[in-house]
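Please go through the model below with its sequence at hand.

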Amino acid sequence: MSHDSATTTDRAWMAEAIELSRKCPPSEGAFSVGAIIVDADGNEISRGYSRENDPHVHAEEAALAKLTADDSRLAGATIYSTLEPCSQRRSERRTCSQLVLRSGIRRVVIAWREPDTFVDCVGVEDLRIEGVTVMELPDMQEQARTVNAHLLG
């Protein structure tokens with residue numbers, strides 16, 4: 001699989017992440033996001049969604065928390081997130097872009113960039129500066145946004 005261009009497989013995993021985002025408990029103050037981590041062989045190794053087990057947990061955070069920090073599969077993994085990994089949080093937790101960087105994941109695929117509804121996010125830029133490949137799937141943006149339509153006016 002090419003790491004610098006989106007594939008049919010990327011779109012299939014993103015469709016699965018979008019479906020996962022529909023499980024998020026509703027919130028007027030946070031986006032509903034799904035995230036799936038897939039190893040280098042194309043096997044799912046973890047998944048998570050916003051507010052899955054805590055009202056403040058983000059999707060990438062939930063997925064990464066299910067793996068150990070030294071999981072060797074992370075170095076070759078791709079994380080599919082329906083929304084750009086956050087670069088700021090209103091809570092005191094680490095940002096999702098920091099968590100992705102710490103995990104060793106080197107490829108991130110997103111459906112859309114975070115609008116400035118709650119914070120000014122530069123997660124894509126932060127990841128790219130650190131050498132992470134970030135793929136955007138603009139053709140899937142509307143599907144991911146639909147889950148959050150109540151926040152977008």
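Which residue does the side chain of Arg93 meet in a salt bridge? The partner is Asp54, with N and O 2.6 Å apart. A salt bridge here is a side-chain nitrogen of Lys or Arg within 4 Å of a carboxyl oxygen of Asp or Glu. Arg93 lies in the loop between strand 3 and helix 3 (96–103) and Asp54 in the loop between strand 2 and helix 2 (59–65), so the pair ties together parts that are 39 residues apart in sequence. Helices (H or I, at least four residues) and strands (E, at least two) are DSSP runs, numbered from the N terminus. Arg93 is partly exposed at 29% relative accessibility, and Asp54 is partly exposed at 23%. Buried means under 20% relative accessible area, exposed over 50% and partly exposed in between, with a 1.4 Å probe and protein chains only.

The model is predicted, so local features need pLDDT of at least 70 and side-chain atom pairs count only at pLDDT 80 or more, while totals for chains, interfaces and linings use all residues. Residues are numbered from 1 along each chain as its sequence is written, and side-chain values use heavy atoms, with hydrogens and water left out.

The count of salt bridges comes to 14. One of them joins the side chains of Asp139 and Arg11, at 2.7 Å from N to O. This pair links distant parts of the chain, 128 residues apart: Asp139 is in the loop between strand 5 (133–136) and helix 5, and Arg11 is in helix 1. Asp139 has a relative accessible area of 46% and is partly exposed; Arg11, at 31%, also counts as partly exposed. Another salt bridge is formed by Glu136 and Arg113, whose closest N and O atoms are 2.8 Å apart. Glu136 belongs to strand 5 and Arg113 to the loop between strand 4 and helix 4 (123–129), so parts 23 residues apart in sequence are tied together. Salt bridges with shared partners also join Asp54, Glu61, Arg89 and Arg93 into one network.

Helix 1 comes next. Its 14 residues (8–21) should span 20 Å at 1.5 Å a residue, and the end C-alpha atoms are 20 Å apart, which agrees; the expected span is 1.5 Å times one less than the number of residues. The buried residues of helix 1 are Asp10, Trp13, Met14, Ala17, Ile18, Leu20 and Ser21. They cover an arc of only 155 degrees around the axis, which puts them on the same side of helix 1; the arc is that of the directions from the helix axis to the C-beta atoms. What covers them includes strand 1 (34–38), strand 2 (44–49), strand 3 (78–81), strand 4 (107–110) and helix 5 (141–146).

Ile36 has Arg47 of strand 2 as its bridge partner. Five residues lie between the strands of the hairpin, and Gly42 takes a positive phi near 90 degrees.

Ser32 sits in the loop between helix 1 and strand 1. At 6% relative accessibility, Ser32 counts as buried. Leaving out residues up to four places away in sequence, Ser32 touches Ser21, Cys24, Ser50, Arg51, Thr82, Val147 and Asn148, contact meaning heavy atoms within 4.5 Å.

Methods. Two strands pair if DSSP finds at least two bridges between them.
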